[in-house]
Amino acid sequence: MDTIKFQNFRQQLPILIQTCQEISEVFGFTLSEALILFHYFKWNDYALNEVLASQEDYDQILIKSGAKSATQYNLEKTCPICYCNQSEISLSCGHSACKSCFELYLREKLKMSSFINCFFLGCTLKIPYSFFEEHKDYQQSYLLRLSKDYRTTVKCCNNQECEFYVQSYVDNIVECLCGTVFCVKCEQGDHRLLNCQQCVEWVKLYEGSNNILDFINHGKFCPKCNQFIEKDLGCNHMTCRKPLGCGFEFCWICMDTWSSHSKETGGYYKCNKYNEQQIEEKNKLKADKSNEKRLIFYAIRYAGHEKGQQIALKKKRRFLDLVSKIQLVDSYKILLRDSYNYIIQARISLKWTYVYAFFQKKQMPIFEFGQADFERYCEILHDLLENEIYKKLKSKQPIEQYHQKLLNNYNLAKQFQTRFLSEFKNPK
C-alpha cells in the first residue's frame with residue numbers, strides 16, 4: 001500500500017460552526033436553525049443567503065428544512081417506541097421517549113447522518129445541535145458524524161468511529177491511521193487480491209443465488225444430532241448447546257468436528273479446500289451443476305466470515321465498555337482494543353480471499369495452504385478474545401494472565417496476513 005495522506009474530520013468543525021454563526025448573526029437564527037438550513041442547502045452558503053435575502057417570513061423554510069416543527073404536539077408521557085410510561089427525553093415538538101429507546105434510535109441513526117428526524121413517526125423536526133450540547137453522552141458521536149456530513153465529497157474511513165478521511169492516495173486499497181484497511185473506490189473493505197469489478201460481479205452472484213442465501217439466513221443443523229443452530233458468536237468454533245443440543249463441538253464453516261482443526265491435523269487446510277462431496281454431505285445442500293457447487297462452497301465460507309465480522313462488530317462496544325471499567329495498564333487496554341478491531345478487519349480480508357479463489361477457476365495448493373494458516377491464526381485470536389477474555393470480563397474475573405498470550409497471537413496474525421496477501425498480490 002502506497003503512501004497516503006489523511007486529515008481529521010474534527011478539524012473541519014470550527015469552520016462549519018463559524019459559517020453557521022455568521023448566518024445566525026445576519027438573519028437572526030439560532031445556531032441550531034442555521035446549521036440545519038445550511039445542510040438543507042447542501043452546504044452552499046451563497047445559495048442559502050440568496051434565498052433568505054429575498055424572503056421576509058422565514059417560518060416556511062424553517063419548517064421545510066426540519067429546523068422547526070409544523071405542529072406543536074401535546075407532551076405525552078408514554079414512549080412511542082416501547083409504550084412504557086417513563087419518557088425521559090423530550091424534544092421541542094412535544095414528543096418524548098424513554099432513555100433506552102432513544103439511545104438505541106440515536107445510535108443507529110448517527111451511523112448514517114447527524115441530521116436525524118424526531119423519533120415519532122411522521123414528525124419532520126430535526127434533532128437540533130443544542131440538544132447535543134445539553135446531553136453530553138451523545139455529543140462526541142454527534143460532532144464526529146456532523147464533521148463527516150460536512151465533508152460529503154471526501155473518502156471516509158470504513159470504520160464508523162474513525163475521525164480521519166483520505167486527503168490523497170495512489171493505490172485504491174489504503175490503510176487508515178486507525179488500522180482499518182479499505183478500498184476508497186468501492187468501499188468494500190480489504191479486497192487487495194481482487195479488483196473492484198470482480199467484487200461487483202461476486203456480489204451479483206452471491207445475492208442472486210436463493211439457494212445460498214436461504215441456507216445462510218436460516219442457520220445450520222448440528223452434524224451430530226441435527227439440532228437447528230443459529231450463529232451468535234464471531235469465531236467459527238461452535239458448540240451444540242445443551243439441554244436441547246448434544247454438546248458436539250464443530251466448525252461452522254465445514255461442519256466437521258472441531259478437534260480436527262489444528263496445526264497438527266491440517267484441519268484448516270482441509271476446511272478451505274474445495275470439495276464437492278463436502279458441500280452436499282456436510283451442509284445438506286444439493287446443486288445440479290458443478291459451477292453452482294463451486295459457488296456454494298466459496299459463498300458459504302465468504303458468508304461465514306461476513307457473519308463473524310458482523311457479530312464481532314455488534315459486540316465490540318460491549319467488549320470495550322467492559323475493558324474501560326477494569327483496572328489495567330493503558331498498554332493492555334490499547335492491545336485489547338486493537339486486537340478486537342483487527343479481528344473485524346481480518347474477517348473482511350478473509351472473506352475476500354475466498355472470492356479470489358473462486359475467480360481463479362482452478363485449485364491453488366500453495367494459496368490454499370497460506371489461506372488456511374491465515375484463517376487459523378484469525379480463529380485462535382478470535383477464540384481467545386471471545387471465549388476466554390470476554391467471558392472473564394462479563395463475570396468480572398481478572399484477565400491479566402492473558403496479556404502476553406494475546407500480544408503474541410495478535411502480532412502473529414497481523415504479520416502472517418501481511419506476508420500472505422503481499423505474496424499473492426505481487427506474485428514472483
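Guide: The expected span of a helix is 1.5 Å times one less than its number of residues; helices (H or I, at least four residues) and strands (E, at least two) are DSSP runs, numbered from the N terminus. This is a predicted model: local features need pLDDT of at least 70, side-chain atom pairs count only at pLDDT 80 or more, and totals for chains, interfaces and linings use all residues. Residues are numbered from 1 along each chain as its sequence is written, and side-chain values use heavy atoms, without hydrogens and water.

Visitor: How many helices and strands does the chain have?
Guide: Of the 428 residues in the chain, 50% are buried (under 20% relative accessible area; exposed is over 50%, partly exposed in between; 1.4 Å probe, protein chains only). The chain has 15 helices and eleven strands.

Visitor: How far apart are the end C-alpha atoms of H13?
Guide: H13 holds 31 residues, which should span 45 Å at 1.5 Å a residue. The distance between the end C-alpha atoms agrees with that expectation: 45 Å.

Visitor: How many residues of H13 are buried?
Guide: Lysine 361, whose phi is positive, near 65°, follows H13. The helix is largely enclosed by the rest of the structure, because the number of its 31 residues that are buried is 24.

Visitor: Which element gives the most residues to the largest nonpolar core?
Guide: A nonpolar core is a set of buried Ala, Val, Leu, Ile, Met, Phe, Trp, Tyr and Cys residues joined through side-chain atoms within 4.5 Å, and the largest has 53 residues, with Trp202 and Leu406 among those that touch the most other members. The elements giving two or more residues to this core are H8, H12, H13, H14 and H15. With 17 residues, the one that gives the most is H13.

Visitor: How many residues are in the second, separate core?
Guide: Leucine 406 is in contact (heavy atoms within 4.5 Å) with residues beyond four places in sequence, including Leu336, Leu385 and Ile389. A second, separate core includes Phe27, Ala97, Ile116 and Cys118, and its number of residues is 46.

Visitor: Which strands stand at the edges of the open sheet of three strands?
Guide: The order of this sheet is E1-E5-E4, with antiparallel pairing (two strands pair if DSSP finds at least two bridges between them). Two strands have a single partner strand each, so one side of each is left without a neighbour in the sheet: E1 and E4.

Visitor: How far from cysteine 176 is the nearest cysteine sulfur?
Guide: A disulfide is a pair of cysteine sulfur atoms within 2.5 Å, and by this rule the count is zero. Cysteine 176 is in no disulfide, and the nearest cysteine sulfur, that of cysteine 162, lies at 3.5 Å.

Visitor: Is histidine 95 buried or exposed?
Guide: Histidine 95 is found in the loop between strands E2 and E3. Beyond four places in sequence, its contacts include Tyr73, Cys118 and Phe120. Because its relative accessibility is 6%, histidine 95 counts as buried.
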